[in-house]
Amino acid sequence: MKKSAKLLAAALLGMFMLSLVGCGSSSTVATVNGEKVTRAELDKRVNRYKQSLEGDPNQKEVLASLEQQELERLIDEKLLMQEAKQRNIQVTDAQVDEELTKGKQNFPSDEEYQNALKQNGLTESELKEMIRSNLIISNLYDALSPDVQVSDQDIQKYYKENPDKFKQTQQVKASHILLKTEDEAKAIIDQLKKGANFEQLAAEKSTDPTAAQNKGELGFFDREAMVKEFSDAAFSMKKGEISKTPVKSSFGYHVIRVEDIKEARQLSLDEVKDQIKVDLAAEQKQQKFETWYGDVKAAAKIERKLPQPATPQTGTGTPNSSQQPEQTPAPATPAPEGQQPTK
C-alpha cells in the first residue's frame, strides 16, 4: 500500500515507534539530556518479541541483545523529539486524524481495522500518538534539509552508471478470485465460461478481504512478487486469458485473469528521470540528516544504565534501518490482513 510522503520519510529513518508506556517498573534505564527512559517503556518494546522466541535455546541472549537495540532506539527517539521541540515543530489533531483516516481506508471494514489494532497490542489513542510522533519527526527531517538540488547532469550520470537498475523485468497485470475449495473455484470458472462478470464475482465470492474494494485486481507485478504457484500460472497465460483450472496455493484456490503483459526491456532516461531525481534528492537529504544527527548525538548527554550483554549488538551513531531486528515493530498504521498471493 502507498504511504503518505511524511510517513514515508519517517519510515526511511527506520526507528520512529512512539514509546507506549504500560504497566511495569518506573526505574530508569537511561537518561537523554536529563529526560528519563523508563524500564516500563523499554519492556513495552522488548515484550513484543517474546512470543516469537518461545522455545529458542538462545532466547535469553537474543532478548538481551534486543533490549540493547530497543534502548538505543528509545534514546534516538527521545533525542529527536527534544530537537523537534526546540524548533517548535508541532502537529495538529486534524493532521493526525487525516493520517489515521488514510490508514483506515486500507481496511475492508472497521472490524478488520479493530482486529489489526488488537493484534498489534494497540488502542486507537496509542496509535494516534504514534502517528503524531511520526509526523513530528518527519517534519523535523524535512526542515533540516530543505535546499536539496538535483541537476540534469546528476540524473544523466546516475542513469549511465547504473544501467541494471533500469532493466524492467517481464510484468503481468492480473486479477484473481480466491476460493476456499477446489470445487468452489471450478464453479466460478464455469460461471465465467457462461459469461458471468469477473469483477462482480470477485467482489461477491472472493475470500480475499480486499476484493470488495478492488474487485480482485492485483495490478502489475513481476514473477518474484507472488508465491510460486500463482506466478507460474499467471506468467504462462496470455493477455485476456482466464485460468482453465483452479490454481492452488497456500492461500487457497485462485481463478486468475491476465489483464495485460509488459515484456522485459531497458527503460529510457525519459521514463525514469523523474524517479531518479526523487531518489537522489532523498539520498542527499538522508546524508544531510545523518551528518546532523551524528553531531547532535555526540553532543548530547546520554547515560545508559543497562549492563552490556556478552555480545552486544546495540545501534550507535545515526538511526537507520540496519539497526532494526529481524522482527520489525508494528507499523504506524497496522496493515490489514490480506490474502493476496504476495510473498
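These legends describe close-up views of a predicted model.

View 1. The chain has 343 residues, and 43% of them count as buried. Contacts between residues at least 6 apart in sequence were examined, and 77% of these join residues at least 24 apart.

**View 2. Helix H3 packs on helix H12.** H3 spans residues 59-86 and H12 spans residues 269-299. Their axes lie 11 Å apart, at an angle of about 95°. H3 is therefore roughly perpendicular to H12, since angles of 65 to 115 degrees fall in that class. From H3, the contact draws on Glu72, Ile75, Asp76, Leu79, Leu80 and Glu83. From H12, Phe289, Trp292, Tyr293, Val296 and Lys297 take part. By type, the contact residues are seven nonpolar and four charged, with no polar ones.

**View 3. An aromatic cluster of Tyr141, Phe289, Trp292 and Tyr293.** Ring pairs link these four residues. Phe289, Trp292 and Tyr293 also belong to the H12 side of the contact with H3. Across the whole structure, a search finds nine aromatic pairs. One of them joins Trp292 and Tyr293, with ring centres 6.1 Å apart and planes at 50°, so this pair is tilted. Trp292 and Tyr293 are both buried.

**View 4. The ring pair of Tyr158 and Phe166.** The ring centres are 6.3 Å apart. The planes meet at 75°, so the pair is edge-to-face; the cut-off for that class is over 60 degrees. Phe166 has 8% relative accessibility and therefore counts as buried.

**View 5. Lys262 over the face of Phe220.** The lysine lies at 4.2 Å from the ring centre of Phe220.

**View 6. Asn88, a residue with positive phi.** Its phi is about 55°, although Asn88 is not a glycine. Asn88 sits in the loop between H3 and helix H4, the latter covering residues 93-104. With a relative accessible area of 55%, Asn88 is exposed.

View 7. Lys215 has 39% relative accessibility, so Lys215 counts as partly exposed.

Definitions and conventions. Residues numbered from 1 in each chain as written. Predicted model: local features only at pLDDT ≥ 70, side-chain atom pairs only at ≥ 80, totals over all residues. Heavy atoms only, no water. Phe/Tyr/Trp six-rings, centres within 6.5 Å; stacked < 30°, edge-to-face > 60°. Buried < 20%, exposed > 50% of the residue type's maximum accessible area, 1.4 Å probe, protein only. Lys NZ or Arg CZ within 6 Å of the ring centre and 35° of its normal. Axes fitted to C-alpha atoms, helices over the stretch in contact; angles between N-to-C directions. Helix = DSSP H or I, 4+ residues; strand = E, 2+ residues; numbered from the N terminus. Parallel < 35°, antiparallel > 145°, perpendicular 65-115°, else oblique. Contact = heavy atoms within 4.5 Å. Nonpolar A, V, L, I, M, F, W, Y, C, P; charged D, E, K, R; others polar.
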